[in-house]
Amino acid sequence: MAKIEIQKIALLIEEFEIANKLIRLGFGELQNINLDNDFYFLPLQLLSQGFERFMKAYICVGYIEKHETLPDTKYLKSIGHDLERLLIEIKTNYYNHYKPVQFEVDWLLINDDADLKELLFILSEFGKFARYYNFDFITGNAKIGINPKESWRKFENRIKPIDMRTMAKLMNHDLEREVYQEITNYIINIFERFIASLSRQIVWGTLGQLGKQLTTSSFFDYGTWYEKDFGKTDYRKNTIKYTETPKSIHKRTTADELNRKFNPDFKSKKIRKCDYNGDWPFYADEVIIECRQKHWCIVTIDGYDYALNGAAKGKYKLEDPHEAGMAILGKSIGDFITMALNL
């Protein structure tokens, strides 16, 4: 292979890595959205760029397999920044169905899933026009794009309408953030499946020999993900906001254990995942819930205490399991608060 071609392949690998970092950061910034932070611009910017780079790099790999050469500038420019157009190009020219079971499941997602189409449309419009929506509106631009923040919120409201259950959570200080977490988890779950569907084509070799050589990239870990893996990753650890926020956890002491064992005002119970009849929210397979003086609820995970309810969070200055990255975002801990209060 000529030296120039080797350099091009190296840069193609770099594009996959850039896409990986942008998308993971975008997911993390989505997970940072809550009542106190509605800065949607950052995750939309990261995700729109990340998915564009991912799909263009994917097309380059497929193009090499079909034509034994890299595409030229004119070809990629003809597709532009339109994520929907990029996906159509992939489906039409590069998607392979030779593994009938899993690949057909993947195909149903990328071809038929209405939520994926809407999300890609919003990101696509953001990348093409809507990132400058405010200035376009201010200056009276005739080619104004959609309002990305409003479009994203409409999508969120559609998948999570404000019913009585949701309103009750929003009114409950202990559970209000779970509403945002459930919405974000749903969206990231769709995107993870999308990335896995395309990455699997590369990991399983259906996109050619070059694709198989690229699987050393960490991005293609998604190609080995299946049903049990989606919606469980805490991407916030990649964001500056999360890493710079001081963490407040408490390693249990002998005095804590003596109180748990002998203090009549401390009630506790060990709960194991295998015995729990519900959607287990923790990464660990067993936890101990505790209620102190019928008011302050904590949960012990791997020898550390975390606040289950707001009362314990205020009194002991502890993080809750979601904030600490010990519980899966989007999975409620409300049932464990109730069980602790009923001890």
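Biologist: What makes N34, R177, K313, D320 and E323 stand out among the residues that line the largest pocket?

Modeller: In this predicted model, the largest pocket is lined by 31 residues, and N34, R177, K313, D320 and E323 are those that lie nearest its centre. A residue counts as lining because it has an atom within 4 Å of a point of the pocket, and the space in the largest pocket comes to about 620 Å³.

Biologist: Which helices supply at least two residues of that lining, and which gives the largest share?

Modeller: At least two residues each come from α10 (176-203), α12 (240-244) and α14 (310-316), and the largest share, 5 residues, belongs to α10.

Biologist: How do you know how many residues of the lining of the largest pocket are nonpolar, polar or charged?

Modeller: Asp, Glu, Lys and Arg are the residues that count as charged, and by this division the lining of the largest pocket has 12 charged residues, together with 10 polar and 9 nonpolar ones.

Biologist: What makes up the lining of the second largest pocket?

Modeller: Its lining consists of K8, L11, L12, E15, E52, R53, K56, A57, C60, L70, P71 and L76, with α1 (3-31) and α2 (41-67) as the elements that give two or more residues. The largest share, 5 residues, comes from α2, and the volume of the second largest pocket is about 290 Å³.

Conventions
Residues are numbered from 1 along each chain as its sequence is written. This is a predicted model: local features need pLDDT of at least 70, side-chain atom pairs count only at pLDDT 80 or more; totals for chains, interfaces and linings use all residues. Side-chain values use heavy atoms; hydrogens and water are left out. On a 1 Å grid over the protein atoms alone, a cavity is a set of points where a 1.4 Å probe fits but cannot get out, and a pocket is an open set with protein on both sides within 12 Å along at least five of seven lines; lining residues have an atom within 4 Å of a point. Grid points are joined across faces, edges and corners, and a volume is the space filled by probe spheres set on the points. Helices (H or I, at least four residues) and strands (E, at least two) are DSSP runs, numbered from the N terminus.
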